[in-house]
Amino acid sequence: MMATEDNLTRQVEEIEALAAIYGDEWCVVDEVSRIFCIAITEGSEKNTRKVCLQVMLPAEYPSSECPIYQINAPWLREKERMEFSERLLQVCQENTGECMVHLLIESIRESLIMTENVDSHIDLLPDQLTVITQNLPDTQIQEDFETPEIHHGDAFTERRSTFQAHFAHVYTPSQVKKVIKKLYENRKIANASHNIVAYRIFCEDRGTFIQDCDDDGETAAGGRVLHLLQILDLKNVLMVVSRWYGGILLGPDRFKHINNSARNLIQQLGLINSKSDNSKVKKSKAKKTR
């Protein structure tokens, strides 16, 4: 009991120190679960390469356990990712029993400086979406709307993974990009382990849909969210579900939480027609029983 209390005291002191050192770069993902993140750069104004470090502090840290950490950087190649991981593992092995998050951060910064042959124009916001713009009506290509209003769902945590949905009405692919860019201006969202995207835009003059999705590393999750939008027959909508991984594998349950997060926000916004929705579910079940 005393060891646990001592660990908590040391964690609180370390977090306060990190917040003072890194200021706005330091971000709290889930204070209760002790999950934090930071976007690390090499310090050069010209180079925009970043690595997102997410750490979770176990109850036994720092006395007997190391932080549980994950690094995210779209531009990292496998060889470089392995080098980063080896350096972080070395930091953990050499500093067992000590507070080491600051050492992990600075180790990544040193690795960034040492890393060569990486295109300097690549930044934290990857061009994740394969947005279809060819053969669009001229009116849609020329229109330049302001960034649509973004609605955020309630974040919830399940076994240390946190999920949150974000929704916007969109009418052109350029609006999709604007909303994604706006979301990534939020450090917490930008540092998420995964930002799963799906959108549907209805072209009235053709009677067809422009639709696409992106898993952002969470295999098949984007397609599931898009399927949800299709089942609910939603038009001109963009859904993004952020997941902050907490170190515990959720298995297939993660897809349930991603879809429920999206569905709950849609329901909160009053976009679900319960009668038509229920009829579609009944039809789907009827087909399966035949």
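Thr 162, with a relative accessible area of 3%, is a buried residue of strand S7, which runs over residues 161-169. The model described here is a predicted one.

**Around Thr 162**
- Through its side chain, Thr 162 makes a polar contact of 2.9 Å with the side chain of Thr 157.
- Leaving out residues up to four places away in sequence, Thr 162 touches Ala 155, Phe 156 and Thr 157, and also Asp 30, Ser 242, Arg 243 and Trp 244.

**Nonpolar cores**
- The largest nonpolar core consists of 25 residues, and those with the most contacts inside it are Trp 26, Val 51, Leu 53, Val 101, Ile 105 and Ile 108.
- Two or more residues of this core come from each of helix H1 (2-22), strand S2 (35-41), strand S3 (50-56), helix H2 (78-94) and helix H3 (101-114), and H3 gives the most, with five residues.
- Apart from this core lies another, of 22 residues, which includes Ile 196, Ala 221, Leu 250 and Ile 258.
- When neighbours within four places in sequence are set aside, Ile 105 is in contact with Leu 18, Tyr 22, Trp 26, Ile 38, Ile 40 and Leu 53.

**Helix H3 and Arg 109**
- Helix H3 has 14 residues, and the distance from its first C-alpha to its last is 20 Å, close to the 20 Å expected at 1.5 Å a residue.
- The buried residues of H3 are Val 101, Leu 104, Ile 105, Ser 107, Ile 108, Arg 109, Ser 111 and Leu 112.

**Helix H8**
- Within H8, the residues Phe 255, His 257, Ile 258, Ser 261, Ala 262, Leu 265 and Ile 266 are buried.
- The elements that cover these buried residues include strand S5 (150-152), strand S6 (156-158), S7, strand S8 (194-203), helix H7 (221-231) and strand S10 (237-244).
- Just after H8, Gly 270 takes a positive phi of about 75 degrees.

**Aromatic rings and charges**
- The structure holds three aromatic pairs, among them Phe 156 with Phe 163, whose ring centres are 5.5 Å apart and whose planes meet at 25 degrees, so this pair is stacked.
- Of these two residues, Phe 156 is partly exposed at 27% relative accessible area, whereas Phe 163 is buried at 0%.
- The rings of Phe 202 and Phe 209 have their centres 5.0 Å apart and their planes at 55 degrees, so this pair is tilted; Phe 209 is partly exposed, with 29% relative accessibility.
- The charged end of Arg 200 sits over the ring of Phe 209, at 3.8 Å from its centre, while Lys 235 lies over the face of Phe 202, 4.7 Å from the ring centre.

Terms used: Residues numbered from 1 in each chain as written. Predicted model: local features only at pLDDT ≥ 70, side-chain atom pairs only at ≥ 80, totals over all residues. Heavy atoms only, no water. Core = buried A, V, L, I, M, F, W, Y, C linked by side-chain atoms within 4.5 Å. Buried < 20%, exposed > 50% of the residue type's maximum accessible area, 1.4 Å probe, protein only. Helix = DSSP H or I, 4+ residues; strand = E, 2+ residues; numbered from the N terminus. Contact = heavy atoms within 4.5 Å. Expected span 1.5 Å × (residues − 1). Phe/Tyr/Trp six-rings, centres within 6.5 Å; stacked < 30°, edge-to-face > 60°. Lys NZ or Arg CZ within 6 Å of the ring centre and 35° of its normal. Polar contact = N/O pair within 3.5 Å; in protein donor to acceptor, adjacent residues only side chain to side chain.
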